[in-house]
Structure formats: structure tokens, C-alpha cells
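Please look through the model shown below before reading on.

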Amino acid sequence: MTETSSTSNGDHSSEDESSSAGPARPLVHADPSQAMPTSSKARAKRRIAVLEEELEIMRQERGGKQRKTTFYVAQGRAIHRLVVLYNSVEDMIAENDRRYEFRSAPESTAEQDRLQRGYIELARVLPWLKKGADAARGDDTSSLKELVATWVNQEFRPSPLIKSNDKYSRGFASDICGMLLCPAEWDWKQNSVKAGIRDRTTEYIVSENSWPLFLYENYQVNSNDLEEGFLKSKLLVLAFKAVFTSPSSAREAEGDGDGADVLENNRRARRRSDQTKVKTCVASILNMKKVTPRAIAYVVCQVRFALSSVSSWHTVDADFDYEAFWCNIVDFFEDTPGPVTRRKVEKLLEWWSRKIFGTNHREDLTPELVSQMSVNALSEQRKKLEDAAFDSD
């Protein structure tokens, strides 16, 4: 499994000591060329550990409750949500091993770079491997199928209303869903655009190479500045909250105000003995306190699917490739061309974290920042007062 398990088995080489250290908190622009250290012995032990885990699962199946398996399934549900929507965990591990074995900055493709960034993110948020990821995606797909219909009906009041249990009336057959799915470069209000998309003509090919309108704030696009309002739509915020902080918290995304501290509210609700049991939200389980690029990409794909007329999850929907679309969103955040665009991405993520988790910034209280605050300032003044009195004696 992970290098941590290898060190616990007695491997104390310098390579493994470096690999057992906790992964540093990555920046949005993590350098994918930097492989995370592993050793040949650790890699061999990981493969052995996989076989041992499979044997253990087989033993547990004879016993009844599979507690260990259930644990891995519960933790593995975060993989699609936070790390990768399509690539396998095995591919990410293999890419990291390849880079570490070559040592001297091996040549890599954009896809390999994305795999490596995914491995770094996986090591940061989840030290367990793939169990339950597909189940989590299925649960989210099912819940958002109904929720997105409800939100669209409330926001736009279409006639007829979107049915929560019916996917066939959505997609481009629906005037409102078609508008939200329409690529940003076209105007859905034009009859020629509607007809071209619905008839799937070569002039109007809807693919992953276009940003759909539902990604934009107020569902409006500035063709001269396509980044304006990008990934700030109310529909996305509602969906993100529904997945990571509970459907009930999605009501708090109404209006322009910052989100409430949903994590603290969730913890307090679970402490109250006079209430019925409160389910722990996904963000609390994952200790997720800030919104990440890949979590946004996951939610975007889920919302796009919910608006479509496709009834079951497929990687390719007509001319639209979900895997490539997910990669495009991730690359928007992680593959910035320079410091100016990187800063804009960081500000966008700050906006998202504020919307989802509120204005709690305890994670940003560094020792240097705390030392400049009034509690420490008063303490220092009192010390100086005592020193001055001592010197005067």
C-alpha cells in the first residue's frame, strides 16, 4: 500500500525515512516533476501488502462483518471527489514510481504530469487506496439528479417543470437545460443555434472543448473576458455543498453572502444529546477545510451529467468526453501559464472556500501572524515593563 506501511515493517533506509514523512501541503501549482520518494524495497512491500490485504479480505468474508473492508470503502469514497474522476490509483502510483526510479527528471507528457499531481494530492488527502470510490460517485449522481432538477425549477420556473425522477426530458431537448449546457461561444436564444445543436450538425458540435454556460456567474458570459465569473455559478455552489457539506447546507448558498461555518455547526449538532443523530458531513470526515481544484472539477462533471438527458454514467456522451472535460478543469487550476493567472486562480479558490466553509481562517493563523496580534503584543509590553522595573532597582 503506502510507504508508511513499509517503514512500519522495519525498513529504515534513508529513502524510506523520507517517504514516511507526512506529505507537505501542496500549492495549486505543485511541480509535477518532483517525484515523491520511494524505494525499491518499499515498492516491493507495497505489492506484497496488496496481496496480503486481498487474503485478509477473503478471510473476513468467511466471518460475517467485514469491518476492515468497510473502513477502506468509507475512506476510499473520497478518491473520485477529491483526487481523480477517471484515472486509476494504480496509474498514479506507477507514474510516481517511474519518476522516482529515473531520479534525473524524466521526460513526461501532460497526462503524466496530471497523474503525478494526482498522486501528490492523493498522498495529501487520503493515505488509503481505491475502495468505495465508484460507490461515492454513484451516490452523488443519484442525489444530484433530484436536487439539480429542484434548483433549476426554483431558479428559472420552466414550463413544464423539470421532473426530478426523469432524465429523458433534460439535455438539449429542454429549453432551460439546453441553455445551461450551451457552449459559452454560442447564443442559445438564437433559433439557429438551438436547431444546430439539437440536430447535431457539424457547425454546432458540443464537446469538452467548450465551457458550458452553467459554469458562469448569473449564467452570463463576457466573450471578451471568458474568465470573468467563470466557475462562480450558484448551481455549482449548491451542488458542492450538497456533496461535501450536506444537502440541507445548500440552502445557505442563497444570495451573495459568505457561507456559514458548516463544519463547526455540524460538530456542534452532533454533540447535542437532545437531538437525533446527525450524520457527519463528507468534508468533516475528510478533514477538508478548503476547496480544492479537483473537488470543483468533480462537482462540475456531476452537475453537467445531472443536466443532461443521459440516464446512466458514461465517459462519453455523444461528442462530449467527460474525462477530457475533467482534465480541462483541473488544468485550468493546476497548469497556469504564469504568476498573474496563478494569483487569479488562488483568489478563485479563496472565494470558493469562503462560500463553502465560511470566513473561518484558523488554518491561516501562522506563528508569525499570531506574534503580531494584541494578545502577544500585550504580553511583550508587560515583560518590558518588568524588565524596566528590574533595571531601575
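A contact means that heavy atoms lie within 4.5 Å of each other. Among the contacts in the protein chain with a separation of 6 or more, 67% are between residues 24 or more positions apart. This is a predicted model, in which local features need pLDDT of at least 70 and side-chain atom pairs count only at pLDDT 80 or more, while totals for chains, interfaces and linings use all residues. Residues are numbered from 1 along each chain as its sequence is written, and side-chain values use heavy atoms, with hydrogens and water left out.

**The chain as a whole**

The protein chain has 18 helices and 2 strands, where helices (H or I, at least four residues) and strands (E, at least two) are DSSP runs numbered from the N terminus. Of its 393 residues, 45% are buried; buried means under 20% relative accessible area, exposed means over 50%, and partly exposed lies in between (1.4 Å probe, protein chains only). The chain exposes about 21600 Å², and carbon and sulfur atoms supply 49% of this area, as computed by the Shrake-Rupley method with a 1.4 Å probe, for residues with only the protein chains shown counting as cover.

**Buried residues**

The structure holds 0 disulfides, a disulfide being a pair of cysteine sulfur atoms within 2.5 Å. For C301, which is in no disulfide, the nearest cysteine sulfur is that of C327, 9.0 Å away. C301 is buried, with a relative accessible area of 0%, and C327 is also buried, at 9%. Another buried residue is S174, with a relative accessible area of 7%, found in the loop between α8 (133-156) and α9 (175-181). Leaving aside residues up to four places away in sequence, S174 touches I162, S169, W188 and R198.

**Salt bridges**

There are 12 salt bridges in the structure, each being a side-chain nitrogen of Lys or Arg within 4 Å of a carboxyl oxygen of Asp or Glu. Three of them are listed here.

| Pair | Closest N to O distance |
|---|---|
| D317 and R304 | 3.3 Å |
| K383 and E380 | 3.8 Å |

Which parts of the chain does the pair R200 and D319 tie together? R200 lies in the loop between α10 (191-198) and α11 (234-244), and D319 in the loop between β1 (316-317) and β2 (320-321), so the pair ties together parts that are 119 residues apart in sequence. R200 counts as exposed, at 53% relative accessibility, whereas D319 is partly exposed, at 37%.

K383 and E380 are 3 residues apart in helix α18, separated by about one helical turn. An α-helix has 3.6 residues a turn, so residues three or four places apart point the same way. K383 counts as partly exposed, at 46% relative accessibility, and E380 is partly exposed too, at 40%. Helix α18 (residues 374-392) has 19 residues and reaches 27 Å from its first C-alpha to its last, close to the 27 Å expected at 1.5 Å a residue, where the expected span is 1.5 Å times one less than the number of residues. This helix is hardly covered, since the count of buried residues among its 19 residues is 0.
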